[in-house]
Amino acid sequence: MTPVRRNLGMLLCLVTIVLAVLDSNIVSAATVPIVRDLDPVHGVDRLPWLISAFSLAATALLPLYGKLCDVYGAKRVLLGAVGTFLLGSVACGAAQTMGQLIAFRAVQGIGGGGLMSVTMVVIAHLRGPEEGGAGKGGAMGGIIAGIGMAVGPLVGALFTDHVGWRWIFYVNLPLGLLVLVGAALVIKLPRTAGRRGLDFLGAALAAAFATGLLLVTEWGGKDHAWTSPVILGTSAATLAALGLFLWRQATAAEPVLPLSLFRIPVVRIGFAVQGFAGMGMMGAIVYVMIYLQIARGIAPTSASLYLIPMAVGMTAAGVVVGRLTARGHAPRTFLVAGAAFAAVALALLGLSGPDTGLWAVGLELALLGAGFGQLIGQLIPLVQDAAPQHQLGVATTGIRFFQTLGNALGAALFGTLLARVFSAGEPGRSLGALRTLTGVARDHAVHSFTDAVDVVFLSAAGVMGLVLLLALRLRTPAAEVPAGSADRPVLAA
C-alpha cells in the first residue's frame, strides 16, 4: 500500500474505534425513555437484558472473529462486522417492543464484537515496518476511551432529549457507511496464504463458556442466590463447556484459540494482564458512581460529571504515551506506570472518608484515569508483535476476550464482596434497603455501605498491584523468535 492509502486506512480504523466506543457509552443515557416508550409496565424488569444481549453476543463471537481474520483476511471480516453492526442498529431504531429491541441488540452485538478487535488486526497489517511495536495504535486507545467516556453519555442525552432515543442507533449509520465504503475502496491487505478449516465446534464451546460466565455474573446475587439451583446449574454447565473447549483446542487441527499461543511468554502474560486489568477497571468505574451517589449524596446527573476528571486523565495519558512511544520508549514502561497509577488512585479512594473533600475525590479520579489511559491499548501491539504472523487475528481477539471475561468476573466478585461487607454491618438488610431507610437508621446504613465500598476499592487496588507485578515480568530481548513468526520479535518473560 502507498503511504497515502495507509494513512487513510488508519483514519478509517480510528473512525471504527470511535463508533465502537460511542456505542458502548451512548445507550446508558436513553434507558428510561426506552422503557417509557416500549414497555412502561414491565420494561424496567427487562432492562438488564437490553445491556446483556449486546455484551453476550459480542463476547461469544470474539474467538471466532480472530480465526476468521486469519483464514479469510481481516478486511473481509471487518466489512462483515461493520455491516452486521449497521443492520442491527437500523433494526434497533425501528424496534416496536422491548423483546424486539433486545433481540436486535444481540444482532448489533454480533457485529459490535468485531468493531474494536478486528480493527486492531487491520491496524497491525497497516503499520509500516518502520513503526515497530505499539506506536500510534496503542497510544490512541487512551485518547479515544477518554473522549468516549465523556462524550458518549452526553451525545446520548442530547439525541434522546431533542430528537428521540431511536436516533442513538440511527447515528451509527453515517459513520458506519463511511467505514464500509472507505475500507472497501482504500484498504488493501496481503492475501491469506490459502484456505484453512474453521473449528466451529471450538467456537461454539467458547461461546457457550463465555455466555455461561456472563450469565452467572449477571444473575448471581441479584436475580438468583449464589446457592440457587439456577446459578449452580449454570456454573456447572459453564465449567463443563470450559473443559470441553480446552480439550477441543488441544486436539483440533485449526483451533480458534491455539494453546500454542500460551507457550509464548508475552502472550501468556499479556492475556493475564488484560484479564486482571479488566477486573480492576470494572471494580473502579462501576463503584465510583455508586459511591458518589450513595456515600456522598450526589445526584446521578452531577455524579456523572465526576467522570470528566477521569476522562481528562485518560485523554492526557494517551497524548503523552503517543509522544513518548514515538521517541522510542517501550510500551512496557507505560503498562507498569499505568498499573501503579491505578493502584495508588484506588487505594486513595478506599482510604477516603466522608470528610474528604470532593475536590480530592476529583483528583483521585483524574489519577485513576491517567493510569487506565496508559494501560488501554498497550498490550495489543505487544501481543501482536510476539504472536506468529498466521495467528495474528486470534492473538488480537484473545486480548479482547480475556478483558471481557475479566470485566465479568470483576462485576461478580466485587458485587459479592460489597454485599457481604454491607451485610456484616447491617445484619438482615440488603443494599436495596438504602432507598427506604430514613433518619439514624439510614445514616448507619450509609456508613456501612461506605465501609463496604472502601473494601471494594482497596481490593481493586490489590488487583491492579497484581497487574503491576505481571507487567514487570515483560521483557523484550531480540534474541528469541518463535517458530513461524516470520521474523517478528518475541517478548520473553
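Start with the contacts across the whole protein chain (contact means heavy atoms within 4.5 Å). Of the contacts with a separation of 6 or more, 81% join residues 24 or more positions apart. This is a predicted model: local features need pLDDT of at least 70, side-chain atom pairs count only at pLDDT 80 or more, and totals for chains, interfaces and linings use all residues. Residues are numbered from 1 along each chain as its sequence is written, and side-chain values use heavy atoms, with hydrogens and water left out.

**Whole chain**

Colour by secondary structure. The protein chain has 18 helices and zero strands. Both kinds of element are DSSP runs numbered from the N terminus: helices are H or I with at least four residues, strands are E with at least two. Now show the surface. The protein chain exposes about 20700 Å², and carbon and sulfur atoms supply 68% of that area. Such areas come from the Shrake-Rupley method with a 1.4 Å probe; for residues, only the protein chains shown count as cover. Of the 493 residues, 52% are buried. Buried means under 20% relative accessible area, exposed over 50%, partly exposed in between.

**Helix 16 against helix 17**

Two packed helices are described by the angle between their axes and the distance between the axes. Select residues 379-386 for helix 16 and residues 392-425 for helix 17. Their axes come within 9 Å and cross at roughly 150 degrees. That makes helix 16 roughly antiparallel to helix 17. Angles run from 0 to 180 degrees between N-to-C directions, and axes are lines fitted to C-alpha atoms, for helices over the stretch in contact. Under 35 degrees counts as roughly parallel, over 145 as roughly antiparallel, 65 to 115 as roughly perpendicular and the rest as oblique.

Next, show side chains. L379, I380, V383 and Q384 in helix 16 meet L392, A395, T396 and I399 in helix 17. These contact residues divide into six nonpolar, two polar and no charged.

**Helix 5 against helix 17**

M116, S117, M120, V121, A124 and H125 in helix 5 meet L392, G393, T396, T397 and R400 in helix 17.

**Last stop: A424**

Select A424 in helix 17. Is A424 buried or exposed? A424 counts as exposed, at 64% relative accessibility. A424 and S448 are 24 residues apart in sequence and 8.4 Å apart in space, C-alpha to C-alpha.

Conventions
Ala, Val, Leu, Ile, Met, Phe, Trp, Tyr, Cys and Pro count as nonpolar, Asp, Glu, Lys and Arg as charged, and the others, Gly among them, as polar. Buried means under 20% relative accessible area, exposed over 50%, partly exposed in between (1.4 Å probe, protein chains only).
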